[in-house]
Amino acid sequence: MSDYHTFTIADAKAFALAHGDTFRESDSLEAEEFGDGNLNLVFRVKNANGRSLIVKQALPYARCVGESWPLTIERARIEAEVLLRHGRICPEHTVKVLHYDAGVAAIVMEDLGQLAILRSELVAGKQFPQLADQLALYLARTLFFTSDFVLNGLQKKIEVARFINPELCLITEDLFFSDPYCNHERNAIHQPIMPQARELWHDEALQAEVARLKADFLSKPQALLHGDMHSGSIFISAEQCKVIDAEFGFYGPMGFDVGSFIGNLLLSYAGQFGLQEDAGRRQQQQDYLLRQIEDLWQHFSHEFTRLMQTETKENSFRNSEYQHYFLQQLLADSLGYAGCELIRRTVGLAHVADLEQIRNEQQRAASERWALALGRSLIMQRQQLTTIQQLLTLVRHQQLP
Ligand code: SR1
Ligand code: MG
């Protein structure tokens, strides 16, 4: 930590100038800090010709809470290395890392400012027809090529060790799997849904299933996950889709990445009840979101199956019955983690704009109750939901309370 100091605007400019070949000494650079995420500093540095780069620096604490929540700056290495690994496997859909410096825990990366954050676009009711196909490709390839299907036992264990990410994983273990199911001070519960939040604290059947999902998160190192696949981690335009923000990456259950993303599409669906007053447009947006979930799973399972059949290196895993079982279990895991994401984003510490931006209190409470009820159903019924169409039917039949 000897070189480490928190970047000023001047430091960010100097760092961007020194790393990468975008800028020249003679450039007059401008920079702004615009990070609005939970953890880091994010600077945009640009020259007079409009060329720009992003400098992201890990702070030694969680930005959203302050210095009272210390956090390792080692997460910058994890982020850079996950993005570099994923970028080699799926460059089309991974932000490009240009430089990483361990001493100052900072990364220089391409500026995706010409794209928009997916969450804000979905909140505004926008649609991106290729979204599901693009993310299905990203997920299928990054998960498959970092797994035991491809890596031998020795390589795999070296990779698992390299991506041990205890502090960031602990955040997920607490925020995703524990806090929502007890009266924890970190929870942020909208007063009108307090009765439904309390039910979670006493629902032992639900807690048993969440315990199973948490145990897998702790002990199923299937692939190098992104680890935080929410719609704020995705940049989008009509043509392009790029994943950013991989500091929660580690070797974990594949369904965690797939399910976190499905959970976020369902949070957007829930938010539409309160955000979109025009019933026809609401229906149209919700239909779009369900189509994305269906296409995501169909394209993901198609690509993953193709990869299992043609690219598997480990003999034992070439067995087609095993491959069928693997994919079926991956769907069940994904639906369980999607359910957890719905619940934790509604009553836990880290909320989402999809629900927070509903101005009418009663409508927001109705959307939140819907998200909690659907989350519970997904967790409890995940082993019985054996096709993605069954999930869609469940969502369509989930009444708005
Ligand atoms: C204190 S971090 C809160 C949340 O933000 C991140 O993006 C993760 O989703 C984490 O759970
Ligand atoms: Mg993040």
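Predicted model: local features only at pLDDT ≥ 70, side-chain atom pairs only at ≥ 80, totals over all residues.
How many residues lie between β4 and β5 in the hairpin that they form? Strand β4 covers residues 61-62 and strand β5 covers residues 66-70. The two strands pair in the antiparallel sense, and two bridges join them. One position that can be found in the model is A62, which stands opposite G66 of β5. Three residues lie between β4 and β5, and the two strands form a hairpin.

From this detail one may turn to the whole protein. Its secondary structure comes to 14 helices and twelve strands. Along the principal axes, the C-alpha atoms fill a box of roughly 60 × 55 × 40 Å. The radius of gyration of the protein is 21 Å, and this agrees with a compact globule, because a globule of 401 residues would have a value near 21 Å.

The strands may be considered next. Five of them form an open sheet, in which the order is β1-β2-β3-β7-β6 and the pairing is antiparallel. At the edges of this sheet are β1 (30-33) and β6 (97-101), each of which pairs on one side only. Direction ignored, neighbouring strands of the sheet are turned by 20° against each other on average. Within the sheet, strand β2 (residues 40-46) and strand β3 (residues 52-58) pair over seven bridges in the antiparallel sense. A reader who wishes to trace this pairing may locate V42, whose bridge partner in β3 is K56.

Helix α2, made of residues 75-89, lies across β2, β3, β6 and β7 (106-110).

Strand β10, residues 234-236, pairs with β11 over three bridges in the antiparallel sense. Among the residues involved, F235 has K242 in β11 as its bridge partner.

The opening pair is helix α9 (residues 254-275) and helix α13 (residues 361-381), which pack at an angle of about 150° with their axes 8 Å apart. Because angles over 145 degrees count as roughly antiparallel, α9 is roughly antiparallel to α13. The crossing of these two helices is right-handed. On the side of α9, the contact is made by L266, Y269, A270, G271, F273 and G274. On the side of α13, Q363, S367, W370, A371, L374 and L378 make the contact. By class, this contact of α9 with α13 has eight nonpolar and four polar residues, and no charged ones.

The next pair is helix α10 (residues 279-311) and helix α14 (residues 388-397). Their axes come within 10 Å and cross at roughly 165°, and therefore α10 is roughly antiparallel to α14. The crossing in which α10 passes α14 is right-handed. From α10, the residues L290, I293, E294, W297 and Q298 meet I388, Q389, L391, L392, V395 and R396 of α14. Seven of the residues in the contact of α10 with α14 are nonpolar, two are polar and two are charged.

How are helix α8 and helix α11 placed, roughly parallel or roughly perpendicular? Helix α8 comprises residues 204-219 and helix α11 comprises residues 320-347. The axes of α8 and α11 come within 11 Å and cross at roughly 115°. Since angles of 65 to 115 degrees count as roughly perpendicular, α8 is roughly perpendicular to α11. The crossing of α8 and α11 is left-handed. In this contact, L206, L213, D216 and F217 of α8 meet D333, G336, Y337, C340 and I343 of α11. Six nonpolar residues, one polar residue and two charged residues make up the contact of α8 with α11.

Definitions and conventions: Residues numbered from 1 in each chain as written. Chains lettered and ligands numbered in written order. Heavy atoms only, no water. Pairing = 2+ DSSP bridges. Helix = DSSP H or I, 4+ residues; strand = E, 2+ residues; numbered from the N terminus. Axes fitted to C-alpha atoms, helices over the stretch in contact; angles between N-to-C directions. Parallel < 35°, antiparallel > 145°, perpendicular 65-115°, else oblique. Left-handed = near helix turned anticlockwise from the far one by under 90°. Contact = heavy atoms within 4.5 Å. Nonpolar A, V, L, I, M, F, W, Y, C, P; charged D, E, K, R; others polar. Rg over C-alpha atoms; globule rule 2.2 N^0.38 Å.
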